[in-house]
Amino acid sequence: MSLSKRLKIFTGNANPELAREIAQYLGVSLGEAKVSRFSDGEIQVKINESVRGADVFIVQPTCTPVNEHLMELLVMVDAVRRASARRITAVMPYYGYARQDRKTRARDPITAKLVANLLTASGARRVVTMDLHAGQIQGFFDIPVDHLPGVPILAQYFLQQKLDNVVVVSPDHGGVTRARDLAERIGAPLAIIDKRRPEPNVAEIMNIIGEIKNKKVIMIDDIIDTAGTIAQGAEALKAWGATEISVCCTHPVLSGPAIERLNQAPLKEVVVTNTIPLAAKNCSKKIKVLTVAPLLGEAIIRIHEDLSVSKLFD
């Protein structure tokens, strides 16, 4: 039986452009589905082709509006499960609610775990995601999770730029592993910004550990949300003698004053991926978008054919 008959790619409204790129990479047509709303706002899903016995992949990052896109994904999974799909994989390039992965104070929810429960209850039998905010979220699932790294895509871009005298900077202690991975891939030393976060979306820089003076800096994070950390970090790095500052991340959430802060910060460029589609208001001359479609496409082929996914990033 041909690949196109057994493998089906569907998408909700979160990032249809990425789903089309993935389908094009795989050489299959995007599945016919319509995700609309009833007049009261309820989500209506219509799957307009047979999925009986098929290996179904639903591409849907849970980006803004997070709750709408999460609910679309859950309803789509339920729809194809009830239509007798053989296996259903939720392809979530960006996993919303990942920052709520533990209790930081009394009576906090652990919403990342709640979302994992909802996905499993809806009928998903596998999850593919990229650069989770915390790797241990994989353990919140009782189904297989393929956790793909964004660093190799970012590293390839910077290697093509042939930069010299470079240092990779982690904007906080939590991102050191990611920054070290990038530093090793491009053959650069590592530095760390010593930062404390008194409350969500508020950061205070205390110190910079490592040699920055007269260096070109690449700052890496998994998510740029309000860009407060990045803007503050760039100002601090400039003050400590960095000659040129670039920033990269996997997930360009870019909410609130993010674009204004990035435009005003002393940054040469901001390199992101298309796990989240950039809204028109979030376009900036500084932003360079790299595609993750080939990586996700390869992962989908390997899952479909029961091959090793870890070979993609060995």
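1. A residue counts as buried under 20% relative accessible area, exposed over 50%, and partly exposed in between, with a 1.4 Å probe and protein chains only. By that rule Arg125 is partly exposed, because its relative accessible area is 43%.

2. This is a predicted model, in which local features need pLDDT of at least 70, side-chain atom pairs count only at pLDDT 80 or more, and totals for chains, interfaces and linings use all residues. Residues are numbered from 1 along each chain as its sequence is written, and side-chain values use heavy atoms, leaving out hydrogens and water.

3. Helices (H or I, at least four residues) and strands (E, at least two) are DSSP runs, numbered from the N terminus. Arg125 sits in the loop between α4 (111-122) and β6 (126-130). Apart from neighbours within four places in sequence, Arg125 is in contact (heavy atoms within 4.5 Å) with Arg87, Ile88, Thr120, Ile143 and Pro144. Its C-alpha atom is 9.3 Å from that of Val145, 20 residues apart along the chain.

4. Two strands pair if DSSP finds at least two bridges between them. Parallel pairing gives an open sheet of 5 strands, in the order β1-β4-β5-β6-β7. At its edges are β1 (7-11) and β7 (145-148), each pairing on one side only. From one strand to the next, the twist averages 20 degrees.

5. Strands β4 (residues 55-59) and β5 (residues 87-92) run parallel and are joined by 5 bridges. Ile58 has Ala90 of β5 as its bridge partner.

6. Axes are lines fitted to C-alpha atoms, for helices over the stretch in contact, with angles from 0 to 180 degrees between N-to-C directions. Helix α2 (residues 16-26) lies across β1 and β4, at about 165 degrees to β1.
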